[in-house]
Amino acid sequence: MPSVLVSVDAGVETITLNRPEKLNALNPEMHAQLRAALERATDDPQIRALLVTGAGRGFCTGQDLAERDVSAGAAPIDLSVSLGSHYNPLVRRLRALPKPIVCAVNGVAAGAGANLALACDVVIAARSASFVQAFARLGLVPDSGGTFFLPRLVGTARAMGLALFAEPLGAERAEQWGLIWKAVDDERLADEALALAQTLASGPTKGYGLLKKAMYASAGNSLDAQLDLERDLQREAGLSEDYREGVSAFKEKRMPRFKGK
Ligand code: LHQ
């Protein structure tokens with residue numbers, strides 16, 4: 001069985017982390033398969049939205065802790081190699097992908113697995129799911145964007161509490177805190193997440209890509225720089241076929257039929 005399942009249907013590429021017996025802990029093979037799935041999504045014009053989820057009772061518990069020999073006397077481990085070659089490129093790829101990504105958190109999301117979810121554009125979670133910044137339990141720093149996403153999403157006070165105490169944050173509270181888009185009943189998760197992805201897949205894909213660029217640039221920009229960026233991106237969006245279709249549909253009082261161009 002591949003450790004990442006990929007399927008494409010009606011414009012949605014569904015990526016399922018598939019090591020359920022290890023709560024979908026990440027290893028190099030999964031990283032390679034994830035990378036291939038994201039490259040395909042970037043290149044294939046038929047794919048207009050992504051859905052990332054986990055098989056079994058967990059979403060993803062971050063790095064596979066069984067992979068490294070940490071016993072006394074074992075060679076020192078340089079974790080920056082793994083971050084540089086796998087985790088950082090993964091987060092960068094998710095953020096830069098010019099198509100919307102829905103993440104359906106079906107169970108526990110821990111360590112780099114929690115931050116993988118936060119790197120997606122819309123996060124919906126089962127009520128029974130939880131988010132654990134498990135790093136401090138291992139003597140580590142939150143990685144995979146954790147120290148970037150957390151303070152921006154929930155503020156520094158809550159980010160510090162989550163990182164220092166490394167306790168699970170339930171999906172409902174995660175929603176209340178603004179960490180995620182919403183929590184839904186467990187049995188509704190798959191359908192609701194797919195419906196969100198399908199809605200996005202029939203939307204103005206080009207505009208969504210530009211919207212992502214603008215939204216994620218704002219964290220590092222002044223208002224002046226952001227206004228300039230919006231001007232430039234709006235120019236591009238205004239040249240799209242979907243802009244014409246959106247305005248025509250409004251004038252004709254009908255639903256738009258976006259082609260993603
Ligand atoms: C696992 C894992 C796992 C291996 C469950 N690895 N087997 C670090 C280094 C380098 C670069 C990148 O970034 C990082 C950051 C990281 O991501 S470090 C990892 C951070 N994650 C964790 O610390 C979470 C570890 N897991 C847990 O604390 C528990 O599994 C939780 C609380 C998530 C769930 O507990 P339970 O529901 O009681 O399940 P379980 O512990 O029994 O897990 C089921 C199986 O999955 C079990 O295997 P086994 O063979 O005993 O049935 C676990 O060993 C395995 N598993 N997470 N990260």
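Predicted model: local features only at pLDDT ≥ 70, side-chain atom pairs only at ≥ 80, totals over all residues.
Local features need pLDDT of at least 70 and side-chain atom pairs count only at pLDDT 80 or more, whereas totals for chains, interfaces and linings use all residues. Residues are numbered from 1 along each chain as its sequence is written, and side-chain values use heavy atoms, with hydrogens and water left out.

Glu39 forms a salt bridge with Arg35, the closest N and O atoms being 3.1 Å apart, where a salt bridge is a side-chain nitrogen of Lys or Arg within 4 Å of a carboxyl oxygen of Asp or Glu. Arg35 is likewise partly exposed, at 41% relative accessible area. By this rule the count comes to 13 salt bridges, including one between Lys182 and Glu192, with the closest N and O atoms 3.2 Å apart.

The domain assignment, which is automatic or taken from a database, gives domain 1 (4–201) and domain 2 (205–251). Their contact, meaning heavy atoms within 4.5 Å, takes 14 residues from domain 1 and six residues from domain 2. About 810 Å² is buried between domain 1 and domain 2, with carbon and sulfur atoms giving 51%; this buried area is the accessible area (1.4 Å probe) that two parts lose on being put together, summed over both. One salt bridge is found across the interface of domain 1 and domain 2.

Terms used
Buried < 20%, exposed > 50% of the residue type's maximum accessible area, 1.4 Å probe, protein only.
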